[in-house]
Amino acid sequence: STSRPRRRRDSPEARPRDTERSVPGANADLEALIYYKASFHNYTILTPKRANLIKNGLSGKVYHHTVSRSMLDGDSRVEEKRKLKEYCKKILDIAGIPIDEELPNGGFVDAPNDVMAFDFAECWNTRKSICFNLPPPGYSVAEMGRYPGRTPHPIVALAGDSLLEPFWPMGLGLKRGWHAVFDTCWAIDNIFNPAASQKILKKDEVNWDEHYEAMSEQITKNLEYCKRLMVTDELAKGAYAEKGPVMLQLKKKDKDIETPLYLVEIDPWSRYKELEKEFADHAKYGLKGEDKDNWLHPIVVKTLAKKKFYDDIRKKAKKDEFFHEGKKLLELDGKEVEAPKPKAAAMAVAAAPVGKSPFARAKPPGGFKRRPAPAAPAEKVVHKPCVNEVSKKATAKRASLVESMMTKGLAAVEPVKPVEKKAPVTAQKPDHLHEMGQHGPAHDGHADAAEKHWNQMNGAHLTASAEAELAHVRKMMDALSASLDAYKKAEQEIMTTGKKETKTPI
């Protein structure tokens, strides 16, 4: 039930209150009463016995918010909900939980969130959280035929309330829900990762059948740990233990280092107590010699690397400043700026033959025979021209084309008669250029528009013939501008002196 608190100073502090006793004045028999005081309302969870509900005239039926919204006036369930509200109100009054009856809805919040009934007598859980049947990687139906093993189907997983029905009084819904999500992420991430099964089986090499069985068994274990909420002590407290392996190793490396923030990881060996013990035993007894002496917990390695990174930044910074050196830009607007250096693992994968599986060869179930692979088609020999030769020929052709176009254009221009005093050629007025800048070309986004505007401004998008035509047009514009200036000067002389001293162009 949810009620509005009274405006009083002696109201209880924000705390859960859990009782397992009867409430005589309210004629109620409760297994638990949980009370949370919020800023603007009170939230309580009551767990009465079904027999006690029937004794108080209630049927014990479930009325959650979906059913409450569907209730109509005159419905028998409306009267049932009214009785449930009175039952809750008596318990709240005797328990000392404040409620103001002068407020609307008798001090409860608006319906349907005022009172709701949920049946926790039974909680249902699924037997399996994740199911998958997949052939080994690299399996080709075209070469090997239909897979003779288990019928393949993609991975199917359940998480959250669909996997484990929550029980609110114990706070299991959110806790188990998150662990189920992390377990699903781990399974999907390692479904084709042989290193995961090698870690589980403690073997250097595994085949697909061994990997499949190991993953299926580990997924079942993770579900059981999630159901029982068998998490590590550090995860339950949300902090690394002072005498735990992480803090002991960190203090040995740096006594003044700060305690790192505890972050929940997807890896089940960092979340579940049984798996954490396996991890610790392997680090303690599984490693020998220098490997054992030099081994550091992954969290310790990460924390020390972060500290070194920030210390290097502080050394480069000036006083009372924070210096940050960003990473190099690799890609901008989908275009590669600088090709990153290939990693060793990526180079090894690229060098491996196509179709080769990272797993050891597994014996195929049944007795199917591998079909012979079809012969690879002969590669066509392509003669690639020399880049320098192509560049030289293209440059010569472009220069020849520009020269011919300029010659044709200048031949068609009528020569301008010389004037006594040559007027300076006026610079090209940029008015129409500004107009062109306001009406840019069609584009597919801001990056494309900027690139096309830049090309339009510099003429980088023009062909050789277009460049020659543009040169001809601009030369004609300069000639016309010179003629226009001469006419303007003649006009000025006639208007001011009454005679013309200079000759106007024809």
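**View 1. Helices H9 and H12 cross with right-handed geometry.** Right-handed means that the near helix is turned clockwise from the far one by less than a right angle. The model is predicted: local features need pLDDT of at least 70 and side-chain atom pairs pLDDT 80 or more, while totals for chains, interfaces and linings use all residues. Residues are numbered from 1 along each chain as its sequence is written, and side-chain values use heavy atoms, without hydrogens or water. H9 spans residues 245–253 and H12 residues 298–316; helices are DSSP runs (H or I, at least four residues), strands likewise (E, at least two), numbered from the N terminus. Their axes come within 9 Å and cross at roughly 40°. Axes are lines fitted to C-alpha atoms over the stretch in contact, with angles from 0 to 180 degrees between N-to-C directions.

**View 2. Residues at the H9–H12 contact.** H9 contributes Val246, Gln249, Leu250 and Lys253. Facing them from H12 are Ile299, Val300, Thr303 and Leu304. Contact means heavy atoms within 4.5 Å.

**View 3. The largest nonpolar core has 25 residues.** Such a core joins buried Ala, Val, Leu, Ile, Met, Phe, Trp, Tyr and Cys residues through side-chain atoms within 4.5 Å; buried is under 20% relative accessible area (1.4 Å probe, protein chains only). Phe132, Trp186 and Ile219 have the most contacts inside it. Strand S5 (130–133), helix H5 (172–189) and helix H7 (208–228) each supply at least two residues. H7 gives the largest share, seven.

Terms used: Buried means under 20% relative accessible area, exposed over 50%, partly exposed in between (1.4 Å probe, protein chains only).
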